[in-house]
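Have the coordinates open as you read.

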Amino acid sequence: MNVYEIGGTWGNSIQWMDWETCLVVGWKQIKPEVGDSLRAKMESGKIGVYRFDEVSPCQDPKDMFFAKVSFVGYAPF
């Protein structure tokens, strides 16, 4: 299982498309798979942990994907 983070730089990032419906878009050489984790810093300062439920890769550009994630809980400190 791989762990990804919200954020990053051009060509190597994951961003929220729609936070309320838990949709993200990303550009990664190694794309996430269903069951992988996504960590996101919340406004509260806590780290939210999400699970990739659906991942739809794009053909052009090859490193781009869209995904649906679901909230699992908060990371322990």
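Taking a disulfide as a pair of cysteine sulfur atoms within 2.5 Å, the count here comes to zero. Cys22 takes part in no disulfide, and the nearest cysteine sulfur, which belongs to Cys58, lies 19 Å away. For background, a disulfide is a covalent bond between the sulfur atoms of two cysteines.

A word on how to read these values: this is a predicted model, where local features need pLDDT of at least 70 and side-chain atom pairs count only at pLDDT 80 or more, while totals for chains, interfaces and linings use all residues. Residues are numbered from 1 along each chain as its sequence is written, and side-chain values use heavy atoms, leaving out hydrogens and water.

How accessible is Cys58? Its relative accessibility is 17%, so Cys58 counts as buried; buried means under 20% relative accessible area, exposed over 50%, and partly exposed in between, with a 1.4 Å probe and protein chains only. Cys22 is buried too, at 15%.

Now for the backbone. Cys22 sits in the loop between strand E3 (12-18) and strand E4 (23-27); helices (H or I, at least four residues) and strands (E, at least two) are DSSP runs, numbered from the N terminus. Its phi is near 60°, a positive value in a residue other than glycine.

Further along, have a look at the loop between strand E6 (47-57) and strand E7 (64-74), where you will find Pro61. A cis peptide bond, with omega about 5°, joins Asp60 to Pro61.
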